There are 2 protein chains.
Amino acid sequence: MASNLMGAGYDLVLHNRTKEKADKLAAEGGGEVAENPREVAEKCDVVITMVPGPTEVEAVVSGGDGLLEGIRKGSLVIDMSTSSPTLARRLARTARERKASMLDAPVSGGDVGAIEGTLSIMVGGEVKDFERARPLFEAMGNTIIHVGPDGTGQVVKAANQIVVALVMEAVAEALVLGSGAGVVLEKMLDVLSGGLAGNRVMEVKREKYLSRRFEPGGQVKYHRKDLGIALAAGREYGVALPATAVVDQMFGALIARGRDGWDHSALVTLVEELSCRDNYGQGRE
Amino acid sequence: MASNLMGAGYDLVLHNRTKEKADKLAAEGGGEVAENPREVAEKCDVVITMVPGPTEVEAVVSGGDGLLEGIRKGSLVIDMSTSSPTLARRLARTARERKASMLDAPVSGGDVGAIEGTLSIMVGGEVKDFERARPLFEAMGNTIIHVGPDGTGQVVKAANQIVVALVMEAVAEALVLGSGAGVVLEKMLDVLSGGLAGNRVMEVKREKYLSRRFEPGGQVKYHRKDLGIALAAGREYGVALPATAVVDQMFGALIARGRDGWDHSALVTLVEELSCRDNYGQGRE
């Protein structure tokens, strides 16, 4: 994402908790390296954060040597991490108290989308800030949608992660049932893809399901973090999420098995093990 | 389906529990009308059944005046209903004892696919019987796949219905969460469609979600029947289906509310009511 911004002609001040990463990028693309988030904020009028989750967002934005210590009047902070809607709203309020502003702008599209500049970006916050940030978003993504006020970008991302998780559980239960009855996996995937059951997960993860190699891709641990955010949002907004709660527990059981770094489609291995079946039942040829 | 077979040049002997339907079709298409399934079997070398579920399949095939009472040596019975894999295997064995044979060949594609002759047909049984039936299938569908031995067509259909139900639950939880936070539904559907969360349900049912008009389409009561078959298959094959079990209960709650004849995408109305929200929260414009 930083490379794509530099490629679009922006001057960057870079900071990463692993300093070597920032140094490497600066050497390649010509950006300046800052010692901490505060220093980034002191030097820039737009600051973008991209970290694993809400704990890290809070540390980087409002922790010691954080962005808000150095923020300039009129600056714009854009958090592109997948984080909590509540935190997004709180930080946006704090930024406004400092005469700055903030957008929540999480993305989907994975490593590939980030590298190719084809991310989907779902943005919560004020429209004028969204318009100000649009040229930056256009350097990083191709589907860029303002979805509502502060925090709603994070809610839509949480909703997205609910759908992906439940579709993965659906495909897992279907594949283990079918192969348990002796149906070959390829045929299952072909038939299911043809009708109302068709979905992007079966297309994108097809080779992982067939090869049983679950190199990520999206990792189990991050997807569970996202479901935790979704369930917390459900508590806050008073929305019951019964199937999400079940699949969250399934991801928890995967992590308990040490598969936190596997691709999230590895949910199928848990459904298989629940049923004490190996290799999706006897359905492999 | 019968019209498409007649259109392809086959002579049909028709029977329906509602006699007027058979009479009407015979008047239009030139088929003969039989008084009961036995009489159909006495007059035909291939017999196709299409009824709501396993109870009706059993009655029509092995009940009084049923097909097996009139079946001829060498005849082929094709059950295209969505029924139970266990029943399919048992009836196929019985047919074989009578020197006949049987395929389970459930379909997906809905009313529209049946009328247009574009059904997906997933077939369990012996390959030689599948090849014999292929020209008939080609008059009714365009995706025709032999998936395995007796009963496996029904298992694959059950797996298909698992995926459709869980995707509907996923979309429902996502939409109610998003609109509960104030996000407009159209934007939710647009963003979710763009990435890994994309699925056929959101495309096909989009207008129902937006208009909140849930005329069927696939009905809640039939989809719940299908999930009952899937869960029973899970018991038989020893496959745990935790999320399917939850969504089966959700469909049950919809039926308790008198919505058995609504389109299955009306699952969203239950998620909404669980959260005591009207009109998908306050998210509608």
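Trainee: What is the relative accessible area of A:Asp65?

Mentor: This is a predicted model, in which local features need pLDDT of at least 70 and side-chain atom pairs count only at pLDDT 80 or more, while totals for chains, interfaces and linings use all residues, and side-chain values use heavy atoms, with hydrogens and water left out. Residues are numbered from 1 along each chain as its sequence is written, and chains are lettered from A and ligands numbered from 1 in the order in which they are written. Buried means under 20% relative accessible area and exposed over 50%, with partly exposed in between (1.4 Å probe, protein chains only). A:Asp65 counts as partly exposed, with a relative accessible area of 33%.

Trainee: What is the phi of A:Asp65?

Mentor: Most residues other than glycine have a negative phi. A:Asp65 is in the loop between helix H4 (54-62) and helix H5 (67-70) of chain A, where helices (H or I, at least four residues) and strands (E, at least two) are DSSP runs, numbered from the N terminus. Although A:Asp65 is not a glycine, its phi is positive, at about 55°.

Trainee: Which residue joins A:Pro216 through a cis peptide bond?

Mentor: Most peptide bonds are trans. In the loop between helix H12 (206-211) and helix H13 (220-237) of chain A, however, omega is near 5° and the bond is cis, running from A:Pro216 to A:Gly217.

Trainee: Which residue of E5(A) is the bridge partner of A:Ile78?

Mentor: Strand E4 (residues 76-79) of chain A runs parallel to E5(A), joined by four bridges, and two strands pair if DSSP finds at least two bridges between them. From E5(A) (residues 101-104), A:Met102 and A:Asp104 point one way and A:Ser101 and A:Leu103 the other, and all are buried. The bridge partner of A:Ile78 is A:Leu103.

Trainee: What area do domain 1 and domain 2 of chain A bury between them?

Mentor: Chain A is divided into domain 1 (2-148) and domain 2 (155-283), with bounds from an automatic or database domain assignment. Buried area is the accessible area (1.4 Å probe) that two parts lose on being put together, summed over both. With 63% of it on carbon and sulfur atoms, the area that these domains bury is about 970 Å².
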